[in-house]
Amino acid sequence: MADAVEFATSAALIGAGATVVMDVWGIARKRLLGIPSLDYALVGRWLGHLASGSLRHDRIAASPQVAGERLIGWAAHYLIGIGFAGVLLAIFGLGWARQPSIAPALIVGIGSVAAPFLVMQPAMGAGIAASRTPQPWAARLQSLLTHAVFGVGLYAAGWLVSLASL
């Protein structure tokens, strides 16, 4: 029971912390490079349309808005980050949360790019790995960099959580 509580608490704190790091990266990227980050309201719109059975959209921005889509999208963004932290702990164990190392965090962080490449982008009309976007390789690179930053965030948040539990 204690391990289950430690697992859930660690996943929540590490996942939320890593997602904050990813969001700070998005803000910095926009200010320094002029590259906007994903509008999480569109994620919420996609999730909202799932209830009516619409999995795929030609262009999610052109689909009808859903009540509360921004809140839904942001909540999903953080819950997904927590879920990936749970994957990290499930694969590498609670020992990783007690003594974090960078390689497992980067493996999960970079590996998490499969979610947008294979699920989110196709479902929202951008094609597999952004193949239907105006500059697919630029979009792919930005996704890969963002998920690598998420991996660094997993490590940093894991380190902070481990220090807090000493």
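I began with R29 and listed its contacts, a contact being heavy atoms within 4.5 Å: leaving aside neighbours within four places in sequence, R29 meets G34, I35, P36, S37, Q142 and T146. R29 lies in helix α1, where helices (H or I, at least four residues) are DSSP runs numbered from the N terminus. Its relative accessibility is 7%, and R29 therefore counts as buried; buried means under 20% relative accessible area, exposed over 50% and partly exposed in between, with a 1.4 Å probe and protein chains only. I also looked up the separation of the C-alpha atoms of R29 and A90, which is 31 Å for 61 residues along the chain.

I note that this is a predicted model, in which local features need pLDDT of at least 70, side-chain atom pairs count only at pLDDT 80 or more, and totals for chains, interfaces and linings use all residues. Residues are numbered from 1 along each chain as its sequence is written, and side-chain values use heavy atoms, with hydrogens and water left out.

Next I turned to G15, which lies in helix α1 and counts as buried because its relative accessibility is 0%. Not counting residues up to four places away in sequence, G15 touches S10, G81, I82, A85 and F150. The C-alpha atoms of G15 and L71, 56 residues apart along the chain, are separated by 18 Å.

How do α1 and α7 cross, I asked, and at what angle? Their axes come within 7 Å and cross at roughly 135°, the axes being lines fitted to C-alpha atoms, for helices over the stretch in contact, with angles from 0 to 180 degrees between N-to-C directions. The two helices are therefore oblique to each other; angles under 35 degrees count as roughly parallel, over 145 as roughly antiparallel, 65 to 115 as roughly perpendicular, and the rest as oblique. I found that R29 and G15 are both among the α1 residues making this contact, while α7 contributes residues including Q142, T146 and F150. By class, the contact has twelve nonpolar, eight polar and one charged residues, where Ala, Val, Leu, Ile, Met, Phe, Trp, Tyr, Cys and Pro count as nonpolar, Asp, Glu, Lys and Arg as charged, and the others, Gly among them, as polar.

I then looked up the largest nonpolar core, which has 24 residues, with I14, V43, W46, W96, M124 and L154 having the most contacts inside it; such a core is a set of buried Ala, Val, Leu, Ile, Met, Phe, Trp, Tyr and Cys residues joined through side-chain atoms within 4.5 Å. The elements giving it two or more residues are α1 (2-33), α2 (40-50), α3 (69-92), α4 (94-98), α5 (102-111), α6 (114-123) and α7 (136-164). Beyond four places in sequence, I14 touches A85, W96, A97, L154, A157, G158 and V161.

For α2, I read that eight of its eleven residues are buried, so this helix is largely enclosed by the rest of the structure. The buried residues include V43, W46 and H49, and what covers them includes α1, α3 and α6.

Phi is positive in each, near 50° for A129 and near 60° for A130. A129 counts as buried at 14% relative accessibility, and A130 is buried with a relative accessible area of 1%.
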